[in-house]
Amino acid sequence: MKNVWILMACCLFILSGCCNSTEKTGCEIPCCSSEKEDMQYVMNIPRKIKPEHVAAFKESFEKCKVETLKEPGCLDYGMYQSYTDSTEFMIVETWKNKAAHLEHMETPYLKVHIEEIQGVGEPGYSKKMAEIYVCPHVNN
């Protein structure tokens, strides 16, 4: 229980350094805007793939990843496969902001990837995608 209180105190201390203003207000940590479009944009996308399509799914993703990581607005782009279920994946994307992600959605290599993976997912898979907006300066 003591560790929980210490962790909570540390989190509050870190968060206290983030302002909701883009002006210089004396904060030691660069301030975050209160506008979501200025924050980092993170997507966690769970996927469950039919067993016979796992290899093709991974290959298609890796081709797309090579080009995506070259985009100036892409901070991270990865896919993780479950240790307990080889047909479950988590795609994690981190973008400079939502606008950078929207630009990515128009790239030819992403469109090819989307076409290549049509129909490979398990129907009825119920985990939902998470969109997260992050004030990156809090984590410095």
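**Histidine 104 and its surroundings**

Histidine 104 touches Thr68, Glu71, Tyr77, Glu93, Trp95, Tyr109 and Leu110, leaving aside residues up to four places away in sequence; contact means heavy atoms within 4.5 Å. Please keep in mind that this is a predicted model, where local features need pLDDT of at least 70, side-chain atom pairs count only at pLDDT 80 or more, and totals for chains, interfaces and linings use all residues. Residues are numbered from 1 along each chain as its sequence is written, and side-chain values use heavy atoms, with hydrogens and water left out.

**Histidine 104**
- Histidine 104 lies in helix α3 (residues 98-104); helices are DSSP runs of H or I with at least four residues, strands are runs of E with at least two, and both are numbered from the N terminus.
- With a relative accessible area of 1%, histidine 104 is buried (under 20% relative accessible area, 1.4 Å probe, protein chains only).

**Tryptophan 95**
- Among the residues that tryptophan 95 touches are Gln40, Thr68, Glu71, Tyr77 and His104, not counting residues up to four places away in sequence.

**Nonpolar core**
- The largest nonpolar core has 18 residues, of which Ile49, Phe57, Tyr77, Met79, Phe89, Ile91 and Trp95 touch the most other members; such a core is a set of buried Ala, Val, Leu, Ile, Met, Phe, Trp, Tyr and Cys residues joined through side-chain atoms within 4.5 Å.
- Helix α2 supplies the largest share of this core, four residues.

**Helices α2 and α4**
- In α2, Phe57, Ser60, Phe61, Lys63, Cys64, Glu67 and Thr68 meet Tyr109, Leu110, His113 and Glu116 of α4.

Terms used: Buried < 20%, exposed > 50% of the residue type's maximum accessible area, 1.4 Å probe, protein only.
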